[in-house]
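Please look at the sequence and the model shown here, and keep both at hand while reading the report that follows.

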Amino acid sequence: MEQDQTPATSGAETSAPAGAASTGAETREFSAEVGRLLDLVVNALYSEREIFLRELVANAADAIDRRRFSALTEPALALPADAGVLITPDKPARLITISDDGLGMGREELVSNLGTIARSGTRAFGETIQHAKPEDRPTLIGQFGVGFYSAFMVSDRVEVISRRAGSDEAWAWRSDGHGSFDVAPAERATTGTDVILHIKADADEFLEPFRLQTIIRKWADHISVPIRLVRDGKTETANEGTALWRKSKSDVTPEEYEAFYRHLGHFFDKPWTTIHWRAEGALEYSALLFIPDSPPFEPVEGERRSKVRLHVRRMFITDEADLLPSWLRFVQGVVDTEDLPLNVSREMLQTTPVMARMRRAILNRVLTELKTKAKETPPDTGAIAAEDEENPAPDAIAEGAEASGYLRFWENFGTVLKEGLWEDSGARADIAPLLRFRSSTEEGWTSFADYVARMKPDQPAIYVLAGENIDQLRHAPVLEGYVSKGYEVLLLTDAIDAFWPERMGEVEGKPLRNARQALGDLGEAEAVSEQLSPLLAAIKAALGDNIAEVKAGAHLSESPVMLVSSQEGADLHMQKLLRRAGRPTWGGSPSLEINPRHPWIVSLAARAAEGSSVDEEAQLLLDLARVQEGDAPTEPAAFIRRVVSAITARKGEG
């Protein structure tokens, strides 16, 4: 029942009882944060406590699979002929014992693996579950991978006795879930693990074999490892153990798919979509893949790689075969092939032509499914919503409302999918039709195809604008020129959006351009009047190298000023993201564009023409332009002083 997680103890150890040193026994304390979180886990899911059995059985089955795989290269670790998971309820003693013949754990593994809950995601989990609705809490438990600790929902005390394969020593781990655990030498005749639950007084139902059988059928029926249950002194098989992915689609019910999905990833929701097929011919394999209906919690150390499981002739081999690219890592499932040897090595997984062909085929199948789903759910637009205001179309989703259909997938996983635009040149053409965007002119989501259909006859390109949030982008000064020309701009708010557009080239036969760097498409700049020239020169002199140049803005209608990115290299938004990440930036200094028709600029131009200093106002203009871009003023205190001074001066003029 090993859990592949990071160590979780605080490192604090208490003195062992007298005589413990000779036996190797010790007590370790969890941090206070872990203690609080354990209370949440134990008390938050009262109505869903049955999941403890699924978690523990799944861990036991994984341990057996790992021992089977290890035995391919170390024959001494071979499983016994009757290897499986044995569940033994003892009603008089109020115990449930879950035993497996898996790889087992040594002392250090018990200390680290059973402290899973205290990882970097601990605080986030605690905060999330405290504010979650009761009906959402089971889903959160699955997302945060609490796993083994769900045992404390039904147990006053938990004991784990384990013997690592290849070792003669056994160790025991014991805890009541209240802040500490004990580790001590133990006895176990064979390799494997026993999890012994001391059942709470209010959990009698779980001491009944019939109840345990029902839970296994619900949550673990598709585990290929035999699960046996002791009932009335007799041992009975409790699961069907069918490789669901090898069945024909017509022979699998929606309920079976859902149960397998929940077992596979310890999920509590339903799959958003299920992809089940069998490939025959030059390459033979069966695949059963799921896309979740909600995004998983990913702690800081979460891996950016696919975890689709590779089986060879029904035997689990690894979940690190990278069967899908990292930008499809949200896809869960199983791929089972006849075309690889059972003792396939990690090196072979990376180099064999069979794996390369299989990866391409699986990628194409997933992308085909997403394209089909995207066509079934057209982007929601203001036009769609306006057709029937009292009964809007189900996918005419207002911003902030809960989406459905393909839009639900997009809001959950669109950010991850867009990573493929940056990383995978061969997949960009396939990903492009799947993208959805907010727009400067349309409500809800839109696509490239619909954008192109709305383009003005004289519009030379598709324009995109990346930034921090939709509200900021909708009021960005750079949009004013595009609005005046009637050009729509796609608004992008994910961090990855600052990077991928430059690699796209053309979409739907139209070039894709950054709105910040394509102002030349809106027409030539205005000729500078004699009255404005002194102001431009004065502002440039005051700001020096902070800006490349100061020019009159032909594209501003309401704002007095804006920063303009250089046409080469990183734009202002990308530079900001790179600075935050501590990365070097590239791209020239921005220019400052002022609106010669704005009353404030007209007033400043008159002062500059008279020879009066506008140094303070120049600094204020630069800071205002920075604020409009979502940046802080260079010197906040000086900025406030200048704003107050400007307001006071305007009042004095009034």
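## Strand β12 and its partners

Six bridges connect β12 to strand β15 (residues 332-337), and the two run antiparallel; strands count as paired if DSSP finds at least two bridges between them. Within this pairing, leucine 289 lies opposite glycine 333 of β15. This is a predicted model, in which local features need pLDDT of at least 70 and side-chain atom pairs count only at pLDDT 80 or more, while totals for chains, interfaces and linings use all residues. Residues are numbered from 1 along each chain as its sequence is written, and side-chain values use heavy atoms, with hydrogens and water left out.

Strand β11 (residues 271-279) is joined to β12 by eight bridges, again in an antiparallel arrangement, and proline 271 has proline 292 as its bridge partner in β12. Five residues separate β11 and β12 in a hairpin, where glycine 281 in the turn has a positive phi of about 120 degrees.

## Burial of β12

Eight of the eight residues of β12 (residues 285-292) are buried, that is, under 20% relative accessible area with a 1.4 Å probe and protein chains only. Tyr285, Ala287, Leu289 and Ile291 point one way from the strand, whereas Ser286, Leu288, Phe290 and Pro292 point the other way.

## Packing of α10 and α12

Helix α10 (residues 353-376) packs with helix α12 (residues 405-417) at an angle of about 135 degrees, their axes being 11 Å apart. Leu370, Lys373 and Ala374 of α10 make the contact with Tyr406, Phe409 and Leu417 of α12, where contact means heavy atoms within 4.5 Å.

Methods: Axes are lines fitted to C-alpha atoms, for helices over the stretch in contact, and angles run from 0 to 180 degrees between N-to-C directions. Helices (H or I, at least four residues) and strands (E, at least two) are DSSP runs, numbered from the N terminus. Buried means under 20% relative accessible area, exposed over 50%, partly exposed in between (1.4 Å probe, protein chains only).
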